[in-house]
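These are my notebook entries on one protein chain. I begin with the chain as a whole and then turn to its helices and strands.

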Amino acid sequence: MPSSEHDTHHGHDHGHPHGEAHAHSHAHDHGAGGHSHAPSVTASNAKRIQWVFVMTLGYAAVQVVGGWWSGSLALIADAGHMLSDAAALLLALIAYRIAARAPDKLRTYGFHRVRVLAALANGASLLLLVAWIAWEAVARFRQPTEVLAGPMLAVAVVGLLVNVVGAWVLMRGQQNDGNLRGALLHVVGDLLGSVGAIAAAIGIMFTGWTVLDPILSVLVAVLVVRSAWSLVSDALLILLQAVPRGLDVETAQADIAGLPGVAEVGHFHAWTLTDERVVATVHVTPSPGTDNLTLPQQVAQLLRDKHAIEHVTVQVDPPGGLQGPH
C-alpha cells in the first residue's frame, strides 16, 4: 500500500482490526456496539426544556384568557408569540430524542446533527417573530388600539415570573448545547417582552398613550434579533462544515510541521460535528528514520493539547504523496 491511514481519538479505544496505530489516554468499554462518535446527550438539558415547555404553553393559555377578558389585542398577539416558542421548545425535545439514537451502518456519526438543525429552526423562528413584531408595531403606529392597562399589567407580571423561573431553569443547564441556548434565547425574549408589557401597561395607565405598546415591542425585537442571528449563523457554519471559530488552520499546520518527525504536512481539514465537538483530518509525510506508527500519535496529541481538537484522523503518506487534491 502506498499509504496507511491512522485514526487517533482522545479518550477512546477504537479496536480497529487493520493494524493501525491509535493514541489514547483512557480506555472506555463501549460494549457490543463498539466505538461511538456521538457525544452523550444529557437527559438533564432535555428535562429542563420540558419543564419550560409546559410553563410556556400554560402561560400562553393564561394570555389568551387575559386578552379576551381585557380586550387587549397585545396580550392575544403575545399569546401567539408564546405558542410559537412552545412549538420551538417541542422541536428541541424531539431533537433530543432523535439525537440520543445510537449510530448505525448508514449514519456512523449518529443523529446528533439533528440538534444543530433544531437550533437553526429555533433561531429562524426567532427572526420570523422579530419580523412579525415589526410589522404589527407599524400597524399599531398607524392605528392605535385600545388597551386596558390594569388586566394587561396583571397578566404581564405573571408572565415575568414564569419567564424568570424558565430562564433560571435553563441557565443551570450545559451552555455548550446549541439546543439549550436556543431555548434560553426564546425565554429571554419572552422575559424582555414581559418587562416591556409591564412598562407599557404602567405607562398607559398613567398617560393613556397606547403608542407605548408598539414602541416597546420594537425595542424588544432589536434585542432579540442579535441573539437570534448569532444562533442561526453558528448553526449554518456547522452544517457547512466551516473551520470552527477560534481555530487558525495555518497555525495548526505550522505546529504540525514543527514536529521533528514530520517532513511535510497538508490537506488539513477541520469542522465541528455538533456544538463544541471538533473533528480534523490531516496528511503528513514522515522524516527519514521516523516510525510511521508513532507519528499519528504525536500529531494527534499536539492538536489536542494546542488546539483542543478531540478527534483527529492522521494519514501518513510516502514522499511526494501530498501532491494532488484531497
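**Entry 1. The whole chain.** I looked up burial and found that 45% of the 326 residues of the chain count as buried (buried means under 20% relative accessible area, exposed over 50%, and partly exposed in between, with a 1.4 Å probe and protein chains only). The model is predicted, so local features need pLDDT of at least 70 and side-chain atom pairs count only at pLDDT 80 or more, while totals for chains, interfaces and linings use all residues. Residues are numbered from 1 along each chain as its sequence is written, and side-chain values use heavy atoms, with hydrogens and water left out.

I noted eight helices and four strands in the chain. Helices (H or I, at least four residues) and strands (E, at least two) are DSSP runs, numbered from the N terminus. Along the sequence I read the pattern β-α-α-α-α-α-α-α-β-β-α-β.

**Entry 2. Helix packing.** Two packed helices are described by the angle between their axes and the distance between the axes. The axes are lines fitted to C-alpha atoms, for helices over the stretch in contact, and angles run from 0 to 180 degrees between N-to-C directions.

How do α4 and α5 lie against each other? I found that the axes of α4 (residues 149-171) and α5 (residues 178-207) come within 8 Å and cross at roughly 155°. The angle makes α4 roughly antiparallel to α5 (under 35 degrees counts as roughly parallel, over 145 as roughly antiparallel, 65 to 115 as roughly perpendicular and the rest as oblique). The crossing of α4 with α5 is left-handed, a term used if the near helix is turned anticlockwise from the far one by less than a right angle, with right-handed used if clockwise.

I then looked up α3 (residues 113-142), which packs with α5 at an angle of about 20°, their axes 8 Å apart. The angle makes α3 roughly parallel to α5. α3 also passes α5 in a left-handed crossing.

For α7 (residues 249-257) and α8, I recorded axes that come within 10 Å and cross at roughly 135°. These two helices are therefore oblique to each other, and α7 passes α8 in a right-handed crossing.

Entry 3. Is Val220 buried or exposed? I located Val220 in helix α6 (residues 212-239), and with a relative accessible area of 12% Val220 is buried.

Val157 is placed in helix α4 and counts as partly exposed at 34% relative accessibility. Val157 and Val195 are 38 residues apart in sequence, and their C-alpha atoms are 8.1 Å apart in space.

**Entry 4. Strands β3 and β4.** In a regular strand the side chains alternate between the two faces of the sheet. I checked both faces of β4: His311, Thr313 and Gln315 on one side are buried, as are Val312, Val314 and Val316 on the other.

I found that β3 (residues 277-286) and β4 run parallel and are joined by six bridges (two strands pair if DSSP finds at least two bridges between them). Val284 stands opposite Val316 in β4. From β3 the chain crosses through helix α8 (residues 295-307) to β4, a right-handed β-α-β crossover. A crossover is right-handed if, with the strands pointing away from the viewer, the path from the first strand over the helix to the second runs clockwise.
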